[in-house]
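Subject: Structure handover

Hi,

Here is the model for your files. Please open it next to this email and read the two together.

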Amino acid sequence: MRHPRFWLICLVLAGLMGCGVARADELAEVQRLHAAGQTDQAMQRAEKYLAAKPKDAQMRFAVGVMLAETRRSAEAVSAFERLVEDYPELPEPYNNLATLKAAAGDYEGAKASLDQALRANPNLALAHENMGDVQLMLAMRAYGRVLQIEPSNNSVPAKLALLRQLLKVPARATP
């Protein structure tokens, strides 16, 4: 016969696993609603869930993604900033924060966020790819500055043209 403590441990573990399943189901439902175009319902469901479990990093991340995808960039930035404050070991929120910063033209801020993402996980391929894109935009900005300072520079226009072609950026949209 098993010790009564064994059954107590089994009961506690079963309860924890059940909570995990419920949380995973809730996250999946929020993601399903958002993917189906029912973002308002997804956000309401996520907010209700987070009212009870405010530290749930996955649900908070999902909220940040939904905010970003619905062009509520300032709110998304705030959501990801709070997430990296609470969970600095997670690389994905830094990566998403960097994407929002880059979209706003803050390439230095994006680079700093990507540096943090890569410190947290040096093998996060998407962060490396995003870092490459940010560095290309920084290069475009630097070359544009060269032409402002020295319009007769003959080597920079070819470099800018190559970067524009690589990034599919129109000539008049150089940062």
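Below is what I found, from the overall fold down to single residues.

**Ground rules**

This is a predicted model, so please read it as one: local features need pLDDT of at least 70, side-chain atom pairs count only at pLDDT 80 or more, and totals for chains, interfaces and linings use all residues. Residues are numbered from 1 along each chain as its sequence is written, and side-chain values use heavy atoms, with hydrogens and water left out.

**Overall**

The protein has eight helices and zero strands. Helices (H or I, at least four residues) and strands (E, at least two) are DSSP runs, numbered from the N terminus. Along the sequence the pattern reads α-α-α-α-α-α-α-α.

Of the 175 residues, 33% count as buried. Buried means under 20% relative accessible area, exposed means over 50%, and partly exposed is in between (1.4 Å probe, protein chains only). The accessible surface comes to about 11000 Å². Carbon and sulfur atoms hold 58% of that surface. Areas come from the Shrake-Rupley method with a 1.4 Å probe; for residues, only the protein chains shown count as cover.

Now contacts, meaning heavy atoms within 4.5 Å. Take the contacts with a separation of 6 or more: residues 24 or more positions apart account for 42% of them.

**The cores**

In soluble globular proteins, nonpolar side chains tend to be buried together. A nonpolar core here is a set of buried Ala, Val, Leu, Ile, Met, Phe, Trp, Tyr and Cys residues joined through side-chain atoms within 4.5 Å. The largest such core has 23 residues. Val30, Ala46, Met59, Val63, Met66, Leu67 and Phe80 touch the most other members. Helix H1 (4-35), helix H2 (39-52), H3, H4 and H5 each give two or more residues to this core. H3 gives the most, with seven.

Not counting residues up to four places away in sequence, Val63 touches Met43, Ala46 and Leu50.

**Helix H4**

H4 covers residues 73-86, 14 residues in total. From first C-alpha to last, H4 reaches 20 Å, close to the 20 Å expected at 1.5 Å a residue. The expected span is 1.5 Å times one less than the number of residues.

Which residues of H4 are buried? They are Ala76, Val77, Ala79, Phe80, Leu83 and Val84. Seen down the axis of H4, these fall within an arc of 165°, so they line one face of the helix. The arc is that of the directions from the helix axis to the C-beta atoms. Helix H3 (57-69) and helix H5 (91-103) are included in what covers the buried residues of H4. The face turned away from the buried side carries the exposed residues Ala74 and Glu85.

**The loops on either side of H3**

Asp56 lies in the loop between H2 and H3. Asp56 is buried, at 10% relative accessible area. A polar atom of the Asp56 side chain lies 2.8 Å from the backbone nitrogen of Met59. Leaving aside neighbours within four places in sequence, Asp56 is in contact with Arg23, Tyr49 and Leu50.

Arg71 and Arg72 are both in the loop between H3 and H4. Arg71 is exposed, at 74% relative accessibility. Phi of Arg71 is near 60°, a positive value in a residue other than glycine. Arg72 is partly exposed, at 32%. The Arg72 side chain makes a polar contact with the side chain of Glu75 (2.9 Å). A polar contact is a pair of N or O atoms within 3.5 Å; within protein, one must be able to donate a hydrogen and the other to accept it, and residues adjacent in sequence count only if both atoms are side-chain atoms. Not counting residues up to four places away in sequence, Arg72 touches Met43 and Leu67.

**Helix H6**

In H6, the buried residues are Tyr107, Gly109, Ala110, Ser113, Leu114, Ala117 and Leu118. They pack against H5 and helix H7 (125-149).

Glu108 also sits in H6. Glu108 is partly exposed, at 45% relative accessible area. The Glu108 side chain makes a polar contact with the side chain of Arg141 (3.3 Å).

Best wishes
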